[in-house]
Amino acid sequence: MDSYTINLTILLALCGALFLLQHLSQPALSPTKKLTTPAPSQWPFLAVYTLAMASDWLQGPYLYSLYHDEHHIPPALISTLFTTGFVAGGVSGSVIGAVADRHGRKAACLVFCAAYALSCALTTTGLVPLLFAGRVLGGLGTSLLFSVFESWMVTDFQVRGLAARGADLGRTFGLMGSLNSGVAIVSGVGSGWLVGWAGTRKAPFVAAGGLLALAAGLIWSLWSENYGETGGKEEVKSGGQKSETKLWAIVSNPKVISLGLASTVFEGSMYLFVFFWTPALRSVQSSSPQDLPYGVIFASFMASTLASSLAFGIVTGRGLVSYTTLLLGILGTSSLCFLLSAQPRSEQSTFWVFCLFEAAVGMYFPCMGYLKGKLIEDGVRAQVYGMLRVPLNIFVVVSLLFTGDGDAFGPVFSVCSGLLIAACGALWAATAN
């Protein structure tokens, strides 16, 4: 058994221990703090969410490798491809939320399935113009995935009055994090198996397209449509002005601004990590680049996120720390991880620092989702979520333009470390009062 398989085994054992701890400790919690499972009417959303995230995670371990090792794209052009995706995400993010609020979030989720499936198909071609078209559709899909799905769920939660039926929004976000991490582990191992079975790195992208088709079928048949304040059949002439006033009141709130800054820096750093972790690990590996087990490494990263999302449920369920304090700790830990990764010393130490960052990711998304859900009103939710992704994509694009290729991971990680500390300070200042 090689070292990476041993690492994955250790992380999975940790996940199992935390899962048992979570459920064994549940009876000791107060009735209002129990780690409840979601109400039955949430399962159609969670099933679709799991399929959508699985389609995204299947591509992660082999995207860079497919470009570089199978399509033989030079590193500088790979950087341009990634940049194109983030530009597309930034441009679409500025309008996609408003369109979804007006014309329906269910419809927007169906558009995601179609756009992302086509992106997967184009990524397998190897033709440079089609690869760029695939990245454009991928950027659009990513903006939709991380704005309208969550927006649909929170609105559905409130409209159906699920809190009165025993569901808890914070626990739902925690469960989403655990499901996301679990499916990512399976996707990481599964992508490696698919590549070995098919003999090509294109196989995970084909499988992702199939999952998206299944997700679209479930959305079409099981979801109801919901809108923002000015959407749907009840739109009135004054609705647009009212919505714009509410939108400005929300985005000018110092707490929302600080959350937006934290979101931009953290998620931007995360996307840069996706681009740079492979060359960073290659720079200190003891074997040849072809010997890195990308699927197992990726599964280990996701096991780290699963472990932390399970810990998130325990910590928040017991009321040990507030969501804001937890987010401050996540930002500080992430800053330390990037600082240590800027000058990697050995293959195994670098791997475990990366796992620590992925653990921060596992706690970040349910924590940030809960805070945004409480601060941002329903009528403009998708629009605000989309707007928050615009500076995120600008940050990533500028970073990639200045770095050029994967060998510049050191300066990028150093800058990310400093920005994360700055975001931590801004969030503390905004919430101290």
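This is a predicted model: local features need pLDDT of at least 70, side-chain atom pairs count only at pLDDT 80 or more; totals for chains, interfaces and linings use all residues.
Residues are numbered from 1 along each chain as its sequence is written, and side-chain values use heavy atoms, leaving out hydrogens and water.

**Stop 1: the helix pair**

Select residues 3-24, helix α1, and residues 347-375, helix α14. (Helices are DSSP runs of H or I, at least four residues, numbered from the N terminus.) Their axes, lines fitted to C-alpha atoms over the stretch in contact, lie 12 Å apart at an angle of about 30°. The two are therefore roughly parallel, a label for angles under 35 degrees. Now show S3, Y4, N7 and L11 of α1 with E347, Q348, F351, W352 and C355 of α14, which make the contact (heavy atoms within 4.5 Å).

**Stop 2: the largest cavity**

A cavity is a set of points on a 1 Å grid over the protein atoms alone where a 1.4 Å probe fits but cannot get out; lining residues have an atom within 4 Å of a point. The count is 3 cavities of 30 Å³ or more. For the largest, about 980 Å³ in volume, select D56, W57, F146, M270 and Y271, the closest to its centre of the 50 lining residues. Return to α14 too: this helix gives the most to that lining, with 9 residues.

**Stop 3: the second largest cavity**

Finish with the second largest cavity, of about 60 Å³. Select G60, P61, L63, Y64, S65, V274, W277, T278 and Y294 to see its lining.

Terms used
Axes are lines fitted to C-alpha atoms, for helices over the stretch in contact, and angles run from 0 to 180 degrees between N-to-C directions. Angles under 35 degrees count as roughly parallel, over 145 as roughly antiparallel, 65 to 115 as roughly perpendicular and the rest as oblique. On a 1 Å grid over the protein atoms alone, a cavity is a set of points where a 1.4 Å probe fits but cannot get out, and a pocket is an open set with protein on both sides within 12 Å along at least five of seven lines; lining residues have an atom within 4 Å of a point. Grid points are joined across faces, edges and corners, and a volume is the space filled by probe spheres set on the points.
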